[in-house]
Amino acid sequence: MAHHLIGDPVYLAEARGAIPAAYRVAGETPHPHFLTADFALVRELGDALVPRLVEIQAFPSVYGYQSVLGEEYRKAFNLDGALATFLAGLTETDYWDLLSRTILGGHIPENVVLTEVDPLHQKTRPDFEVTAQRLGIAVVDIATLEPRGNKLHYRNASGRLVPIHRIYNRAIADELMVRRITLPFDLTQPWDVEWAGHPNWYFLISKFSIPWLSRTGSFPVVPPAVFVSDFLEGEGRSHLAAAGVSLPAGVDQDTVYGELLLKPLFSFAGKGIQFDPTQAQLEAIPAEQRGDYLLQQRMSFVPTIETPFGLTQAEIRILYLWPDGGDLTPVLSLVRLGRGKMMGVDHNRNQEWVGASAAFFPTG
């Protein structure tokens, strides 16, 4: 799917047009360095469990933390050594070598930084700490970078100004917008710096891609989806119906679309998703903003994992790395557990056995 999108110039042109002007970062790389794909487990006719794409995102995930978590589970529960966590035949050493190549890009660790918005107070801080310790890089608040000429710098632990040659970017544009953070440098200017995880790819391969992938008919794993603008003013409704989505016959302001989810394109961790959207809610979105939302077929997650508190739903995330001069490679998987309408701890509060976990699979 990623190769299909990257090889489609029409798609890329449309996707670039959807990037807010202030976040169109110069120096775009020819491909993303990181990719994650989330899959729901649903049942087909015949009762077989099959994956369905929930979301695809060209943005880093918890690559450092997840590696450590798997090994700690192995020790705590004395798991069989034949159960693997790393994909593509990678060993733990292979994995960290590949992650290092992807993040450092051949640069000295001192000149590579992991940037985030207020990193000390992010839920993903454990991942930052593991990554920083293993690779020898600094974790820096993106709002504290200092421009000098055409270069960016950071202050190390002793306060010395250090030039940055490569940025492992973990700062999400959504959070910068919501917090109204003004950076001390203009993202759109051609700074003399490399990006490991160029910010544009956060937009280019995202929920924006799902209607495009759906329309091709080449990827059965992708659920039917259309932009709200196309649903209200184009052929989106007929596309969904042709794909087997059950839609109400009559339409008025109170019409409820129970088989659809309304999703903002650029939001993180499930923020802003609307279940059972109504015709009135769709029409209330200003016409010029309707292209920033999609309607996607709602999938029924199947409770599959037995826990002391009953069966729990599972969503599987595959993590990929794509180093400079290398290939797109699946490296790790994790399982997200939940019992609510959505996955993630924020959407399953006051429940047990929910949240992210490690995934193991037999190798022999």
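This is a predicted model: local features need pLDDT of at least 70, side-chain atom pairs count only at pLDDT 80 or more; totals for chains, interfaces and linings use all residues.
Biologist: How many residues does helix α3 have, and how far does it reach?

Modeller: Helix α3 covers residues 63-76, which makes 14 residues, and from its first C-alpha to its last it reaches 20 Å, close to the 20 Å expected at 1.5 Å a residue.

Biologist: Which residues of α3 are buried?

Modeller: The buried residues of α3 are Tyr 63, Gly 64, Gln 66, Ser 67, Leu 69, Gly 70, Glu 71 and Arg 74. As background, an α-helix has 3.6 residues a turn, so residues three or four places apart point the same way.

Biologist: And what follows α3?

Modeller: Asn 78 follows α3, and its place is in the loop between α3 and β3, the latter being residues 83-84. Its phi is near 50 degrees, a positive value in a residue other than glycine. For context, most residues other than glycine have a negative phi.

Biologist: Is Asn 78 buried or exposed?

Modeller: Asn 78 has a relative accessible area of 68%, and it counts as exposed because that value is over 50%.

Biologist: What about Asp 118, where does it lie and what is its phi?

Modeller: Asp 118 lies in the loop between β4 (112-116) and α5 (125-135), and although it is not a glycine, it has a positive phi of about 45 degrees. Its relative accessibility is 25%, so Asp 118 counts as partly exposed, a class that runs between the 20% and 50% limits.

Biologist: Changing topic, where is Arg 317 found, and is it buried or exposed?

Modeller: Arg 317 is found in strand β16, which covers residues 310-321, and it is classed as buried because its relative accessible area of 18% is under 20%.

Biologist: What does its side chain make a polar contact with?

Modeller: The side chain of Arg 317 makes a polar contact with the side chain of Ser 61, at 3.2 Å. Leaving aside neighbours within four places in sequence, Arg 317 is in contact with Ser 61 and also with Thr 36, Ala 37, Asp 38, Leu 332, Ser 333, Leu 334 and Arg 336.

Biologist: Which residues line the second largest cavity?

Modeller: The second largest cavity, with a volume of about 30 Å³, is lined by Ala 58, Phe 59, Pro 60, Asn 169, Gly 197, His 198, Pro 199 and Tyr 202. By class, this lining has 5 nonpolar, 3 polar and no charged residues.

Biologist: And the second largest pocket, how much space lies in it, and which residues lie nearest its centre?

Modeller: About 340 Å³ of space lies in the second largest pocket, and of the 13 residues that line it, Ile 305, Leu 337, Trp 353, Ser 357 and Ala 358 lie nearest its centre. The elements giving two or more residues to the lining of this pocket are β17 (329-338) and β18 (355-358), with β18 providing the largest share, 4 residues. By class, the lining of the second largest pocket has 11 nonpolar, 2 polar and no charged residues.

Notes:
Residues are numbered from 1 along each chain as its sequence is written. Side-chain values use heavy atoms; hydrogens and water are left out. The expected span of a helix is 1.5 Å times one less than its number of residues. Buried means under 20% relative accessible area, exposed over 50%, partly exposed in between (1.4 Å probe, protein chains only). On a 1 Å grid over the protein atoms alone, a cavity is a set of points where a 1.4 Å probe fits but cannot get out, and a pocket is an open set with protein on both sides within 12 Å along at least five of seven lines; lining residues have an atom within 4 Å of a point. Grid points are joined across faces, edges and corners, and a volume is the space filled by probe spheres set on the points. Ala, Val, Leu, Ile, Met, Phe, Trp, Tyr, Cys and Pro count as nonpolar, Asp, Glu, Lys and Arg as charged, and the others, Gly among them, as polar. A polar contact is a pair of N or O atoms within 3.5 Å; within protein, one must be able to donate a hydrogen and the other to accept it, and residues adjacent in sequence count only if both atoms are side-chain atoms. Contact means heavy atoms within 4.5 Å.
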